Amino acid sequence: MAKIRHPRDFAAGLMFTGFGAAAIAIGYGYPLGVAARMGAGYFPRILGILLIALGAVLVLRALRFDGARIALESPRPLLIVIGSVVLFGWCVAPPTLFGVTLPSLGLVIASIVLIFVSSIASTEFRWKEALISGVVLAALSVAGFIWGLGLQFSIWPAFLGPG
Amino acid sequence: MDLVLNLSLGFGVAVSPINLLYALIGCLLGTLIGVLPGIGPVATIAMLLPITYGVPTVSALIMLAGIYYGAQYGGSTTSILVNLPGEASSAVTCLDGHQMALKGRAGAALCIAALGSFFAGCVGTLLLAAFALPMTELALKFGPAEYFSLMVLGMIGAVVLAHGSLLRAIAMIVLGLLFGIVGTDVNSGMARFSFGIPELTDGIGTAQIAVGVFGFAEILMSLSQKENRDILQQKLTSLMPNREEIRRSIPAVLRGTTIGSLLGILPGGGALLASFAAYGLEKKVSKRPQEFGKGAVEGVAGPESANNAAAQTSFIPLLTLGIPPNAVMALMVGAMTIHNIQPGPQVMTSNPGLFWGLIVSMWIGNLMLVVLNLPLIGMWVKLLTVPYRLLYPAILLFCAIGVYSLSNSVVDVYITAAFGFMGYVFAKLECEPAPLLLGFVLGPLLEENLRRAMLLSRGDPTVFFTRPLSLVMLLLAGFLLLLIVAPQFRRTREAAFVESEG
């Protein structure tokens, strides 16, 4: 069993190989055609092969040469920040649960949720401050984006009547 | 006097009150976001891209150009005052700019940066206008084989001239190409890699990918670093540089403008390379190299002029050939396609008002920066004192709303979030996202031209080597690749980036 001497290259290589393999697997049914008349699958197949090859070189190099480790830290900020954006999406257009489509919660609530939740990611999180910031920014976005730029958002939750 | 005629046409378009207003708003917003520590021009433009979609085409492009210059200038302001570069290209400005600030010469540094940039911008605009016609004529001779080879050359150049691992950068380009062809295949009408999501059959938007991979990822990376800002405490008293500083700056500005204009045209060049190269040059020709890193005014004047000149001339390949030379220009392509303009030689002939209007508006954007930013510096400094824990949620919200508003679809928000996640992984694995964006924009173009070239040659791949122009470009690309493998050049390339950092 070869030793992984360059974890960062190794992981990057695996990632590229994975993307390449996925491209080929997903695009397996796409018609290839011939070089003179390329089908939808021709170019993606080339890219997939290239990615696998490049990834493989990275992996092989990682087994031969020493190199940097991956600086791992808590995935907490990542999950919170990405999660807050997804929550924002849910508030604007709630997903269909058990066949029931929930009404939109409107921009105000969506903004406050995003600001509050994403603030938790900071090491200096203060909940009062985050709440105030959420309310202020929600008001600003309604004024700027809906009234100012005329974007299509409902302001308040749909069940409170037309926003 | 075609040039004068064309430029006056451009002035006619750009100097309408409404377009001036858009240029002004663009500069203001660009500086506003660009001044925030840790956010470079690419992220700034990505974040502001959505708000330009509702604006008429010409005005939107004018506004975007304003955003670009604003973002770049904002980055320099932060570097000088806070010693926290927004992005790599202002890292160089940090070295001497912040030292000048510590010596109480912050105002002078900011002023020289602004005036040097303005001068470089003027030269860059003239060059752009002068090169537009001949380059466009050349481009009209290009067939699909030439375009394919040109794009290959562009991508290789972008990789070679950027810093970081070559292998990774090439892989990132290929991955970008793959993301670029997601959506409906133009030839067969088949949906590719859309996972049954209707929104994906139209392809991934440039804004989603850029906001995710640059915007979100930059926020995430700054969150994992401890906040460490030493904001200038003393008041900015005078903006005027003294006579000695002016005398030393002028040659530096001239040299920076020259080197920046040249490097901006090169694929992958752009602002970053230009400022590094200009700094290196200043240090070499200076009679007082020991002063560099301790507040040498040339170390501010040279790179700042260079990156603005390069910012300007990198529009040349984009507007005449339709090939973006770097990530910022790739974003511009995204913005143009949203407005149904395919950048390339035909823009100038079919839409001269737009073309020359854009060029003139770049100059206006530069002028506005000088007029606007110098007096407003106090305000930007205030903005820098807002703690990051309050800033980043606001930026996130702004991005989320912007991305949603593109087509009033939350799926776009989720796609952006997914790219944010990916961007974080890329950053952790030291895979630069700029080549990804370049590949992403070039993906559909590359496939289309490959198909056409092969169709015309009846499946004979030697067509790329038998057409002289195409052969020349492929040879150049091969030469660039050889260069990087050659140990001599490799050392110089690494040294060029390390020296300025150390």
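Does N408(B) count as buried or exposed? With 12 C-beta neighbours inside 10 Å, N408(B) counts as exposed; the cut-offs are 20 or more other C-beta atoms within 10 Å for buried, 12 or fewer for exposed and anything in between for partly exposed, with C-beta atoms placed from the backbone.

Some housekeeping before we move on. This is a predicted model, in which local features need pLDDT of at least 70 and side-chain atom pairs count only at pLDDT 80 or more, while totals for chains, interfaces and linings use all residues. Residues are numbered from 1 along each chain as its sequence is written, and chains are lettered from A and ligands numbered from 1 in the order in which they are written.

**Stop 1: two loops with a positive phi**

Stay on N408(B), in the loop between α17 and α18 of chain B. Helices here are DSSP runs of H or I with at least four residues, strands are runs of E with at least two, and both are numbered from the N terminus. Check the backbone of N408(B): phi is near 50°, a positive value in a residue other than glycine. Most residues other than glycine have a negative phi.

Now select N340(B), in the loop between α14 (327-338) and α15 (345-350) of chain B. N340(B) is not a glycine either, yet its phi is positive, at about 60°. It counts as exposed, with 7 C-beta neighbours inside 10 Å.

**Stop 2: chain B as a whole**

Select chain B and switch to cartoon. You will find 22 helices and 2 strands. Of its 502 residues, 62% count as buried.

**Stop 3**

- Pick V35(B), in the loop between α2 (17-34) and α3 of chain B. V35(B) counts as buried, with 27 C-beta neighbours inside 10 Å. Leaving aside neighbours within four places in sequence, its contacts are G74(B), T77(B), T78(B), W380(B), L383(B) and L384(B).
- Go on to T52(B), in the loop between α3 (41-48) and α4 (57-82) of chain B. T52(B) is also buried, with 27 other C-beta atoms within 10 Å. Not counting residues up to four places away in sequence, T52(B) touches A60(B), M63(B), L64(B) and A335(B).
- Finish with I265(B), in helix α10 (residues 243-265) of chain B. I265(B) is partly exposed, with 19 other C-beta atoms within 10 Å. Beyond residues up to four places away in sequence, I265(B) touches T313(B), S314(B), I316(B) and P317(B).

**Stop 4: where the chains meet**

Show both chains. Their contact takes 51 residues from chain B and 55 residues from chain A. On the side of chain B, α17(B) gives the most, with 10 residues. That side divides into 35 nonpolar, 7 polar and 9 charged residues, where Ala, Val, Leu, Ile, Met, Phe, Trp, Tyr, Cys and Pro count as nonpolar, Asp, Glu, Lys and Arg as charged, and the others, Gly among them, as polar.

Next, select helix α3 (residues 76-92) of chain A together with α18(B). Their axes come within 9 Å and cross at roughly 175°; axes are lines fitted to C-alpha atoms, for helices over the stretch in contact, and angles run from 0 to 180 degrees between N-to-C directions. The two helices are therefore roughly antiparallel, the term for angles over 145 degrees. Residues making this contact include L78(A), I82(A) and F88(A) of α3(A), and V413(B), A417(B) and F421(B) of α18(B). By class, the contact has 12 nonpolar, 2 polar and no charged residues.

**Stop 5: the core**

For the last stop, look at the largest nonpolar core, which has 226 residues. Such a core is a set of buried Ala, Val, Leu, Ile, Met, Phe, Trp, Tyr and Cys residues joined through C-beta atoms within 7 Å. I45(B), A46(B), V174(B), L331(B) and A400(B) touch the most other members. Helix α6 (residues 106-140) of chain B gives the largest share, 17 residues. Which residues does V174(B) touch, not counting those up to four places away in sequence? Select L47(A), L50(A), L51(A), L54(A) and G439(B) to see them around V174(B).

Definitions and conventions. Two residues are in contact if their C-beta atoms, placed from the backbone, lie within 7 Å. Angles under 35 degrees count as roughly parallel, over 145 as roughly antiparallel, 65 to 115 as roughly perpendicular and the rest as oblique.
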